[in-house]
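This briefing covers one protein chain.

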Amino acid sequence: MEPSHSGPAPSAPSCLDTDCLATRDAAAGMAAATAPQEEPGQSKVGLEMKTETKGLFPTAVSKEHLQERSLRQIFGSSQTLRDLKDPGGVKSPTVIVQNRIQEHCQRGKAFFSQGEWEKAVICYSKAINLNPQQVEFYVQKAEAFLQLCDFQSAVLNLRKAYSLSSAKEDYVERMAFILYLQGQCLFDQEVYGDALESFTQASELQPDNSVYRRRSISCLAALNRYHDCFQLVNEQLDQDSKNPDLYILRAKLHDHFSRATLCYQDIQEAIALEPQHKEAQVQMQKLLKRAQKAKNQATNKALKGNLKDALLKITFAIENSPFDAGYFIFRGTLHRRLKDFNSAIDDYIKAMELCEEEGAVGMEAQRQLLLTYNDFAVHCYTQGFFEEAVLLLNKALKGEKKEKGLYVNRGDCLFRLGELTFALADYQQALELNPMDFSLRRRVGMLLDELGLQEHKQRKYQRAVYCFSGAIESNPRLPHYYLHRAKSRLFLQDVMSAKEDVIITLLLDPENDAVPH
């Protein structure tokens with residue numbers, strides 16, 4: 001039965017209504033097409049169609065699909081959090097992330113405490129992936145790498161922590177220590193180049209830590225880079241001048257470069273800082289034994305007349321023991337025998353500085369010095385350097401005033417310089433020390449005769465007679481002394497005395513042509 005319509009006829013339906021109707025007709029057709037057909041013998045049953053009312057936009061995305069897409073944006077393709085039974089119960093993704101971070105952190109700590117370092121590294125890496133700004137994760141990961149002896153990875157993680165943290169000093173100290181451990185392991189494996197790099201980096205992080213610098217020095221020494229090693233040791237000593245170990249280390253470097261004297265001085269510095277330092281005592285005894293051996297060799301060569309080789313050996317002994325006065329005296333003697341008087345004088349003066357003047361060694365050094373002055377003066381005399389000879393003899397007489405030979409030699413030099421008065425004073429002083437020296441008396445006579453001739457030339461006849469008389473007294477066997485006095489007496493009108501001098505001249509030398517007949 002069709003429904004009845006009352007009222008005015010309806011207007012033409014709109015396009016939207018047409019679409020709705022068409023949709024409904026299509027749905028009804030699909031329902032009729034899929035309805036089961038009645039089999040024969042069965043009563044017909046009326047089919048009741050159910051229609052579903054859809055929204056305005058049938059293609060809209062569901063709420064579940066939106067949640068899935070949101071989670072995918074956060075976690076990507078990872079299935080880590082997909083085991084949640086009810087994602088809709090989580091308030092926000094931030095909470096999810098924080099829970100997972102805490103879970104990874106706790107698991108990392110558990111693995112670390114159990115000694116499963118690799119698993120701890122994995123857990124902390126996951127925590128870092130979720131929160132890369134957390135300093136503690138890098139620190140814990142670095143400690144796990146350290147337990148695995150992966151020093152480089154440990155340092156890298158600590159560097160990251162250093163860059164993120166405001167409290168940087170703690171991480172600097174830890175990084176330096178890890179680099180030190182890495183360097184030590186490499187050093188034990190004799191990989192000295194890489195070990196040096198690690199120790200250098202540790203020193204750069206903590207410049208005040210002397211241990212790291214010393215290990216760098218050890219690497220340089222192992223690499224035979226002794227010049228760099230020496231420079232680094234000097235820098236260390238500038239910062240820490242009270243460390244005896246550094247002096248011992250530098251002493252060994254000096255010994256390597258054959259600088260025995262500097263080696264000795266550094267060992268002495270170490271002993272002054274720590275008298276019971278075992279290594280310093282060992283090194284000192286080593287130097288002293290080496291010096292004594294060289295001195296014995298020098299003695300043997302000197303006895304064989306090989307003075308130059310003996311000089312080389314005693315010099316080596318002095319380099320190894322530069323404060324032994326006896327070695328300097330020995331070398332000074334060799335220099336004197338080789339006529340290297342300046343070097344000999346320097347050695348004797350050095351020996352006197354090193355010992356007490358009242359001691360036997362000091363007195364021997366002083367005596368040898370005076371002999372050297374005298375020998376040097378004689379050498380200058382033979383070369384015609386009379387003034388230099390006088391200066392040297394003055395130094396000798398300043399130290400020894402009772403040595404007759406020094407006065408005689410200086411008198412000879414003064415005589416050659418024409419300083420007859422001063423020469424006479426020296427000869428007379430020598431005579432006082434040894435009145436029975438006939439050779440010295442002949443010198444005095446010759447000098448007085450020369451003085452008399454000068455006085456006679458200046459017409460100072462009385463003084464000339466006095467000088468000639470002194471010459472005759474010093475050496476009465478020379479006839480020309482009498483003849484010279486006779487001439488001066490003639491000018492003084494002392495004829496009888498002059499005749500006596502002439503007679504004595506003829507008695508001493510009958511064939512003297514200078515006597516007038």
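Helices (H or I, at least four residues) and strands (E, at least two) are DSSP runs, numbered from the N terminus. The model is predicted: local features need pLDDT of at least 70, side-chain atom pairs count only at pLDDT 80 or more, and totals for chains, interfaces and linings use all residues. Residues are numbered from 1 along each chain as its sequence is written, and side-chain values use heavy atoms, with hydrogens and water left out.

**Serine 216**
- Helix H9, spanning residues 210-222, holds serine 216.
- Serine 216 has a relative accessible area of 3% and is therefore buried (under 20% relative accessible area; exposed is over 50%, partly exposed in between; 1.4 Å probe, protein chains only).
- Neighbours within four places in sequence aside, serine 216 is in contact (heavy atoms within 4.5 Å) with Leu196, Phe199, Thr200, Ser203 and Leu232.

**Whole chain**
- The chain contains 24 helices and 0 strands.
- Among its 517 residues, 36% count as buried.
- Of the contacts in the chain with a separation of 6 or more, 44% are between residues 24 or more positions apart.

**Cysteines**
- With a disulfide defined as a pair of cysteine sulfur atoms within 2.5 Å, the count is 0.
- Cysteine 123 is in no disulfide, and the nearest cysteine sulfur, that of cysteine 105, lies 9.4 Å away.
- Cysteine 123 is buried, at a relative accessible area of 4%.
- Cysteine 219 is in no disulfide either; the nearest cysteine sulfur belongs to cysteine 229, 9.8 Å away.
- Cysteine 219 has 0% relative accessibility and so counts as buried.
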